[in-house]
Structures are given as structure tokens and as C-alpha cells.
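Biologist: Could you show me how to read a few features of a model, one at a time? I would like the general idea and then the case at hand.

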Amino acid sequence: MQTFPDSTAVSVVEMAAAEYARRTVTIDFLYLDNESCERCSGTQEALETALTQVEPILEPLDVGVVVRDIHVDTLAAAKATQLAVSPTIRINGRDIQPDYRENNCESCGDLCACPGEIDCRLWHYRGEEYTTPPVEFLVAALVRATVPEQSPSEITREKASEGASANIASFFGDADASGAGGCDC
């Protein structure tokens with residue numbers, strides 16, 4: 001195997017070929033204060049409940065989920081994560097509700113020594129506004145991420161890539177299952 005440069009910015013992960021086909025959904029839960037802010041802690045609880053409800057469909061779909069709990073505790077961290085509103089849930093890097101609304105959050109206002117009000121996210125779902133996301137809303141977002149819609153060209157590519165192509169089979173000699181490699185050219 002080729003040697004990669006030693007770097008703090010690059011991680012090299014060795015994995016089995018069978019794991020390559022497994023899809024992974026990454027969920028980022030970003031928040032300012034998970035202990036005192038009722039909206040942040042309520043959002044975390046709703047996310048945990050939604051994940052529990054979605055879990056039974058993940059294994060049959062061969063989908064793994066990685067949840068990254070991200071406490072944004074400085075302005076530098078807010079800039080680095082591009083946090084626009086707290087709390088935020090991103091699935092595969094996308095805010096699940098990018099057209100967010102905000103209003104005064106008393107629990108965050110009590111934490112902050114700054115004058116004025118602190119606003120936190122309002123979640124909107126089915127014509128209503130909520131201070132924490134409804135579990136049903138989160139379940140729907142998670143299901144959409146685990147079973148993405150596919151365009152006909154993606155389906156064709158997937159169908160074409162089932163099994164080994166003739167080119168790959170010829171690399172391994174004839175299509176025997178011995179695993180022996182080598183080109184018969």
C-alpha cells in the first residue's frame with residue numbers, strides 16, 4: 001500500500017470492501033448550551049427519540065448513522081461551524097430546516113451577560129411553530145436521508161454496477177470464484 005503523508009488534516013481509514021457499499025448518514029447536532037437552554041436540550045431529546053424510532057429500518061437498508069454532538073462554545077467555533085442559529089441539526093451537511101425562524105429564548109438570555117434578548121430557533125412543521133422540533137418532523141427528515149430519491153440515471157448506474165463488469169472479470173482471468181488475480185492478456 002502506498003504511504004500517505006503524516007497529517008493532522010487527513011485521516012486514512014482502512015476498511016473492508018464490503019463496508020464500502022454501506023451508506024453512512026452523518027447527523028450534526030450543533031447547539032450553544034445543552035444544559036440550561038430548554039430548546040437545545042429539548043431538541044437533543046427529540047433527536048434521540050427520532051433516532052430510536054428510525055433505528056429498526058437502518059439495518060435492513062444497510063445504513064449506518066454517525067451523530068456528531070457539537071457544543072459551539074466560542075465565536076470562533078460558531079464561525080468554523082457556520083452556525084447561524086441554535087440549535088441546528090444538519091444531515092449530511094445540510095440544515096434540515098434552512099428557512100428557520102427565531103424568537104426570544106429566555107433560558108439563553110439568562111445565561112448571557114449581554115444586554116437585550118437572545119434569539120433561538122423556532123421549528124415550523126405543518127403550519128405550526130415549535131420551540132423544539134416535533135419527533136415526527138425529525139423522523140421524516142431521517143427517513144428522507146436514509147432512503148434518498150434517485151433519478152433514473154442513478155438507478156441505471158446502480159443497475160449497471162451490480163456485480164463485476166466484464167472488464168473487471170477479465171482482469172481476474174475467467175469469472176471463477178477462486179479470487180486469483182492476474183490479467184489473461
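Biologist: Is Arg68 buried, partly exposed or exposed?

Modeller: Buried means under 20% relative accessible area, exposed over 50%, and partly exposed in between (1.4 Å probe, protein chains only). Arg68 has a relative accessible area of 43%, so Arg68 is partly exposed. Please keep in mind that this is a predicted model: local features need pLDDT of at least 70, side-chain atom pairs count only at pLDDT 80 or more, and totals for chains, interfaces and linings use all residues. Residues are numbered from 1 along each chain as its sequence is written, and side-chain values use heavy atoms, with hydrogens and water left out.

Biologist: Which side chain does Arg68 meet in a salt bridge?

Modeller: Side chains of opposite charge can pair when their charged atoms come close. The rule here is a side-chain nitrogen of Lys or Arg within 4 Å of a carboxyl oxygen of Asp or Glu. Arg68 meets Asp28 this way, at 2.5 Å from N to O. The pair links distant parts of the chain, 40 residues apart: Arg68 sits in strand 2 (residues 63-71) and Asp28 in strand 1 (residues 23-31). Helices (H or I, at least four residues) and strands (E, at least two) are DSSP runs, numbered from the N terminus. Asp28 counts as buried because its relative accessibility is 6%.

Biologist: How many salt bridges does the rule give?

Modeller: The count comes to three. One of them joins Asp95 and Arg121 at 2.8 Å, N to O. Asp95 is in strand 4 (residues 94-95) and Arg121 in strand 6 (residues 119-125), so this pair ties together parts 26 residues apart in sequence. Arg121 is buried at 0% relative accessibility, while Asp95 is partly exposed at 21%. Glu129 also forms a salt bridge with Arg101, with the closest N and O atoms 3.3 Å apart.

Biologist: And helix pairs: how do helix 2 and helix 5 cross?

Modeller: Two packed helices are described by the angle between their axes and the distance between the axes. Axes are lines fitted to C-alpha atoms, for helices over the stretch in contact, and angles run from 0 to 180 degrees between N-to-C directions. For helix 2 (residues 38-58) and helix 5, the axes come within 9 Å and cross at roughly 40°. The two helices are therefore oblique to each other (under 35 degrees is roughly parallel, over 145 roughly antiparallel, 65 to 115 roughly perpendicular, and the rest oblique).
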